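Q: Can you walk me through this structure? Keep it plain, please.

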Amino acid sequence: MSITEVQFQATAVENAPPQAIEGRSQWQLTWRRLRGDWVAVMSMVVVLLICAIALCAPLIAAATGHGEYQAFPNRGTNAFGQPVGPGANGFPLGTDQIGRDLLVRIVYGARISLFVGLLTTVVATVFGVSIGLIAGYFGGFVDTVLARIIDAVLAFPFIVLALALAAVLGPSLAIVIGVITFFSWAGISRIVRGQTLSLKEKEYIEAARSLGAGPWRIMFVDILPNLLGPVLVLATLYIPTAVSFEATLSFLGIGIPPPAPSWGNILSEAQDHYQTAWWFVVFPAAALLITTLAFNLLGDGIRDALDPRTERIFAGGRTALRKRDSRGKHRRHRGLDLDQAILAGAQADLSADRPMPEWSGGPPRADTASKGG
Amino acid sequence: MARFLIRRIVAGILVLWIVATLTFFLFFVAVPEGVVARNLAGRAATPAVIAQVDQNLGLNLPKPVQYWHYLSHLLRGNLGYSYYSQEPVTTILKQALPATVSVVVGGVLLWLVVGLGAGILSATRPRSLFDRAATVGVLAGVSAPTFVVGELLIIAVFVQLNDHGITFIQTGYTPISQSFAGWLGCMILPWITLAIVQAAVYTRLSRGSLLDTLGEDYIRTARSKGITERRVLYRHAVRSAMTPVVSQLGIDLGALLGGVIVVEQVFGLQGLGQQTVTAISQGDGQLVIGFVMLAALFVVVANLIVDISYALLDPRVRIN
């Protein structure tokens, strides 16, 4: 490249119309990364679709002409009184044991599942985050007491309490929501507490305090925004857990009482029909699996997108990158480490996609040999 | 170590006492006066039975006295009578125990072997085909509720095999003393169900933990000493990578209990869990109390065992 060429290029740059450099917030960056992850995008589409189906349940019921509780003893069961299969007699997914339209029941079941999943998650998150912040920020005696309570709730077999409550009060939607909420907040609290413990030592908190900010302002204005990422991921991952809980309780007969349709109690009713009516099991089970899997994948995707270490947009493939910071021990000291936070949590470990150590391309020994030189 | 153990045992007793007290409140205090006996005696109870319950449990005495009676009965292992079936609760629980123990022991062994095995294999061969497949399998396993896995297995395996005349795999429970093959045949699917649901978590956990450990300096030191890779892996890495796995096991014991109740219900195993679900639908409160106390005892004892093995694996726990 000659000098004139360089000068020419320099002038071209100078003469170019001034371009505003646009700052991107953390959330914009996250959103960009999330959009680049097709698994996350797909699962988001599926989640939205399920929500749409749940909202449109009455429309779908109207389209089939079958009500949620409406039994069709003649058309809906065969000569032996057994459920009829998918497509028969105008029932797209077949019928259940008393000839109700399985499709309509499943669609209405989605309402209960999503309602329970979302409501319990929101309540448990708000409560869990508050307790975690208070325990972590105040420390001392408050922390000791709250941490003990958190541990006790985490160690308590939830199903036992649910059984006892159902025995005394009889199963109901309110008990389901109460039990799930009661056993969900503690896991969130534990993680928020741990993060708060490390965040409150940062300089900017000291700065806030020296400006005269009180403890509540520091907790909810200065610390909380830094926790929104992990909390969002956790909340997304608690939804499928809550959906599973509800289904399990209903399956055991201590959840949503029939005839209200819930995926759990439909599957419970299907128990006597394994041999004769596969659709009675397979369709509600598929609805449940698709829902929980979609939320889990979405949560995984959000976690990856929030984590600046996985800069896969700029590198292309989902697995190609993540090598940037390769040594396991360096990773651990970086600010908010979500993987570590979640590892410490009570729920299923969510770190399957953690970044690989340096040697991950080949057998471990090849690497140590090359590094020794 | 001794102090550590004593502290743990005291904490365990405390948990048992709290559970007992909560149960007492739930069944004896929180409900209206006349309903207590009704709740304990079962849905089919006649007035005569209810009067008998009133008399046996001293329900007209002041609550603190009742509480005292209740605790002292529990301490002596006396769980009272199931007024529904007219049998002592301990007898019913004893009969149901073998099925539950079979499910738990086999299931836990299978899930640990599968979970840890897959985790170690994935961690030593990151990004291999096996690792990818395991990651997908893990997510599916974590997402699936236990009873769904069980029901799908029944449809896919049990129904299919029986349609083709292969009757080895059965539902229901056959005692091991009656026929080993029969026992195995009815246990395999429950074990696989528990393993599919639970192993996933352990695969993830042991993979992540082992990958972290393999990046530590002391592993490089061990390798540079010329120790075989096998020895590095199993002597140095796996042992210290196991601590989070063991503590997860402690956390999961409550979940295991839930899993067992569900699995028994799905496969009709007539164990403790299924008995309890039946007891609830019959309103047999005395049996439910017995089960709740037994379940709490199980969780406390199992947690104690986990704590001890934790201390054995990680010396720092003992010192603190």
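**Two helices in chain B**

A: H6(B) passes H8(B) in a left-handed crossing, meaning that the near helix is turned anticlockwise from the far one by less than a right angle. The model is predicted, so local features need pLDDT of at least 70 and side-chain atom pairs count only at 80 or more, while totals for chains, interfaces and linings use all residues. Residues are numbered from 1 along each chain as its sequence is written, and chains are lettered from A and ligands numbered from 1 in the order in which they are written.

Q: At what angle do helix H6 and helix H8 of chain B pack?
A: Helix H6 (residues 129-143) and helix H8 (residues 180-214) of chain B pack at about 130°, their axes 8 Å apart. Helices are DSSP runs of H or I with at least four residues, strands are E runs of at least two, and both are numbered from the N terminus. Axes are lines fitted to C-alpha atoms, for helices over the stretch in contact, and angles run from 0 to 180 degrees between N-to-C directions.

Q: Which residues of H6(B) make the contact?
A: B:Ala134, B:Gly137, B:Val138, B:Gly141 and B:Val142. Contact requires C-beta atoms, placed from the backbone, within 7 Å. Partners in H8(B) include B:Ile196 and B:Arg204.

Q: New topic. How many helices and strands does chain B have?
A: Chain B has 13 helices and two strands.

Q: And what does the C-alpha trace of chain B span?
A: About 80 × 60 × 35 Å along its principal axes.

Q: How much of chain B is buried?
A: Buried residues are 44% of the 320 in chain B; buried means 20 or more other C-beta atoms within 10 Å of the residue's own, with C-beta atoms placed from the backbone.

Q: What share of contacts in chain B with a separation of 6 or more is between residues 24 or more positions apart?
A: That share is 72%.

Note on methods: Two residues are in contact if their C-beta atoms, placed from the backbone, lie within 7 Å. A residue is buried if 20 or more other C-beta atoms lie within 10 Å of its own, exposed if 12 or fewer, and partly exposed in between; C-beta atoms are placed from the backbone.
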